[in-house]
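Thanks for coming, everyone. Please look at the structure on the screen, and I'll walk you through it.

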Amino acid sequence: MRPEGIAVVTGSSRGIGRAVAIELARQGFDVVATMRSPDDGRDLGEELGPAAGRLTVQRMDVTEPATIRLPEEVGVLVNNAAVERPHTPFESTPMSTWREMFETNVFGLIEVTRRAVPLMRARGHGVICNVTSSSLLAPVPFYGPYRASKAAVSALSESLRTELLPLGIRVIEILPGAIETDMLAHSEDSPVEVDHPAYRPMAERFVEMRRPLIGHGTPANAAASAIVETICQQSDAIRHSCDPMGAALLEAWRANPGERLMASMSEGWMP
Ligand SMILES: NC(=O)c1ccc[n+]([C@@H]2O[C@H](COP(=O)([O-])OP(=O)(O)OC[C@H]3O[C@@H](n4cnc5c(N)ncnc54)[C@H](OP(=O)(O)O)[C@@H]3O)[C@@H](O)[C@H]2O)c1
């Protein structure tokens, strides 16, 4: 059943968030497209054409609680904002990288969601859509901080789904694979310049494996259509994909006991 109320999207200045805000407005939702710099949303109306009146741009930095304001009628929350940093071996990843990633990807998302839940509870319905990553389903080396931040959101989503379902609030998780955005373009920012030669073969392999994905991801608007379709459908599943790569990983994960799948994928990285 199609959700009622206003849809709020975090991180809609570009990439998947921007495309989801546009798609929601095209599908008839009133949308608040939130972003760190509202100037980035100035051309959203132009892109939307006749649906422009349905979309408002609002400043929100998920790491700055004072900027987090939600309309009382919020019916859909898309927690999309996230950051990724160059992927380096665990031992050479500074604590600042862990903290930056968790600050936005986990604590920022929690802060926004904490404010949405009472509003949705008061109205007796809502959808909370958390965007994580299909990298959760594969033991990708050098992805520790990013995957750990997304795993935290995934675990939170499971508990929250159970907790909120009786209140009429549906929690879903979207696990994108490779979507053509700035994040994908930078995802090979390489761990090749590693401090210790022991990591070099795997680092080179990492770049080799990621390079073919870049420039060949699913367009953000196609991923956005799939995400909005998932938001609008009643499904018993919590986890959903929005592109062929994410769908393939999710299918493999569903078909195989997680531990066995991880072990076989891990072996694939061995020299
Ligand atoms: N693209 C992929 O292949 C892929 C794969 C798996 C998962 N994902 C996930 O999909 C989501 C969107 O990714 P994307 O590819 O569209 O990334 P992107 O192109 O890098 O865009 C990230 C968005 O998040 C915003 N953002 C970052 N920090 C923020 C903060 N503190 N407060 C508010 N907004 C903030 C950015 O705003 P600014 O413009 O101000 O920086 C930007 O709008 C993320 O959750 C990402 O982890 C993407």
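Let's start at the ligand. An oxygen atom of the ligand sits 2.6 Å from a side-chain N or O atom of tyrosine 146. That is a polar contact, meaning a pair of N or O atoms within 3.5 Å; within protein, one must be able to donate a hydrogen and the other to accept it, and residues adjacent in sequence count only if both atoms are side-chain atoms.

A word on what you are seeing. This is a predicted model, where local features need pLDDT of at least 70, side-chain atom pairs count only at pLDDT 80 or more, and totals for chains, interfaces and linings use all residues. Numbering runs from 1 along each chain as its sequence is written, and side-chain values use heavy atoms, with hydrogens and water left out.

Isoleucine 179 uses its backbone instead, with an N or O atom 2.8 Å from an oxygen atom of the ligand. How much of the ligand does the protein bury? The ligand exposes 900 Å² when taken alone, and the protein buries 94% of that. Those areas come from the Shrake-Rupley method with a 1.4 Å probe; for residues, only the protein chains shown count as cover.

Which elements give two or more residues to the shell? They are helix 1 (15-26), helix 4 (144-164) and helix 5 (182-186). Helices here are DSSP runs (H or I, at least four residues), strands are E runs of at least two, and both are numbered from the N terminus. There are 27 residues around the ligand, and Ser13, Arg14, Arg36, Tyr146 and Thr181 come nearest. Being around it means having a heavy atom within 4 Å.

Now the inside. The largest nonpolar core has 32 residues. Val20, Leu24 and Val31 are among those with the most contacts inside it. Such a core is a set of buried Ala, Val, Leu, Ile, Met, Phe, Trp, Tyr and Cys residues joined through side-chain atoms within 4.5 Å. Buried means under 20% relative accessible area, exposed over 50%, partly exposed in between (1.4 Å probe, protein chains only). Helix 1 gives the largest share of this core, seven residues. Take leucine 24. Beyond its neighbours within four places in sequence, leucine 24 contacts Ala7, Val9, Phe29, Val31, Val78 and Val228. Contact means heavy atoms within 4.5 Å. Another core lies apart, with 18 residues, including Val8 and Val171.

A few single residues next. Alanine 19 is in helix 1. Alanine 19 counts as buried because its relative accessible area is 12%. Leaving out residues up to four places away in sequence, alanine 19 touches Ala220, Asn221 and Ala224.

Threonine 104 belongs to helix 3 (residues 95-123). Buried or exposed? Threonine 104 is buried, at 13% relative accessibility.

Phenylalanine 142 sits in the loop between strand 5 and helix 4. Phenylalanine 142 is not a glycine, yet has a positive phi of about 70°. Phenylalanine 142 is also buried, at 9% relative accessibility.

Last, glutamate 4, in the segment before strand 1. Glutamate 4 is exposed, at 51% relative accessibility. Not counting residues up to four places away in sequence, glutamate 4 touches Gly75 and His125.

That's the tour. Over to you.
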